[in-house]
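Please keep the structure open while reading, and look up each residue as it is named.

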Amino acid sequence: MRLKDKVALVAGGGRGIGRDIVLAYAREGVHVVVNDIDPATAEATAKDAATLGSKSLPVVADVANLRTSTGSSIRSSRSAGASTS
Ligand SMILES: NC(=O)c1ccc[n+]([C@@H]2O[C@H](COP(=O)([O-])OP(=O)(O)OC[C@H]3O[C@@H](n4cnc5c(N)ncnc54)[C@H](O)[C@@H]3O)[C@@H](O)[C@H]2O)c1
């Protein structure tokens, strides 16, 4: 499995297409940082990914405003090599 134990960051991962991407990654053994502007959906999706074996982490941030402290964490994750979707 080529993606096993890789780390991915999915922006807008709480709902819709982003959520589907998170769960598809989790099924492939990827550990997923689930970003969303909505805390409830970020946490729910990260929890569902964890039931599939992913060491998932919800991160609440507005990706349209990466000047915030959480936004800058996302920027750091991306420069550290996390795959982003
Ligand atoms: N659903 C489709 O068939 C379809 C087709 C083509 C393109 N798109 C585009 O793909 C994107 C996602 O579509 P969807 O149907 O999954 O949408 P959705 O509204 O169901 O999900 C978007 C998610 O992104 C989060 N989000 C929005 N703004 C954010 C921000 N600034 N920072 C962090 N998170 C944010 C929302 O809270 C939500 O959880 C949209 O831009 C949509 O226009 C969707």
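**Notes on the model**

1. Valine 34 counts as buried because it has 33 C-beta neighbours inside 10 Å; a residue is called buried if 20 or more other C-beta atoms lie within 10 Å of its own, exposed if 12 or fewer, and partly exposed in between, with the C-beta atoms placed from the backbone. Residues are numbered from 1 along each chain as its sequence is written. The model is a predicted one, in which local features need pLDDT of at least 70 and side-chain atom pairs count only at pLDDT 80 or more, while totals for chains, interfaces and linings use all residues.

2. Valine 34 has its place in strand E2. Leaving aside residues up to four places away in sequence, valine 34 touches, among others, Val10, Val22, Ala46, Ala49 and Val59; two residues are in contact if their C-beta atoms, placed from the backbone, lie within 7 Å. Valine 34 and glycine 14 are 20 residues apart in sequence, and their C-alpha atoms are 6.7 Å apart in space.

3. As for the overall plan, the protein has three helices and four strands, and from the N terminus on they run β-α-β-α-β-α-β. Helices (H or I, at least four residues) and strands (E, at least two) are DSSP runs, numbered from the N terminus. Of the 85 residues in the protein, 36% are buried, and among contacts between residues at least 6 apart in sequence, 52% join residues at least 24 apart.

4. Which residues have the most contacts inside the largest nonpolar core? They are Val10, Val22, Tyr25, Ala26, Val32, Val34 and Ala49, in a core of 16 residues. Strand E1 (7-10), helix H1 (16-27), strand E2 (31-36) and helix H2 (39-51) each supply at least two residues of this core, and H1 gives the most, with five residues. Such a core is a set of buried Ala, Val, Leu, Ile, Met, Phe, Trp, Tyr and Cys residues joined through C-beta atoms within 7 Å. In soluble globular proteins, nonpolar side chains tend to be buried together.

5. Helix H2 has 13 residues and reaches 19 Å from its first C-alpha to its last, close to the 18 Å expected at 1.5 Å a residue, where the expected span is 1.5 Å times one less than the number of residues. The buried residues of H2 are Thr41, Ala42, Thr45, Ala46 and Ala49. They lie on the same side of H2 because they cover an arc of only 130° around the axis, the arc being that of the directions from the helix axis to the C-beta atoms. What covers these buried residues includes H1, E2 and strand E3 (57-60), whereas the face of H2 turned away from its buried side carries the exposed residues Pro39, Ala40, Lys47 and Thr51.

6. Around the ligand there are 15 residues, of which the closest are Gly12, Gly14, Arg15, Gly16 and Ile17; a residue is near a molecule if its C-beta atom, placed from the backbone, lies within 6 Å of it. H1 and E2 each supply at least two residues of this shell, and the largest share, three residues, comes from H1.

7. Glycine 53, which follows H2, has a positive phi near 100°. Aspartate 5 also has a positive phi, of about 65°, although it is not a glycine. Most residues other than glycine have a negative phi. Aspartate 5 lies in the segment before E1, and it counts as exposed because it has 9 C-beta neighbours inside 10 Å.
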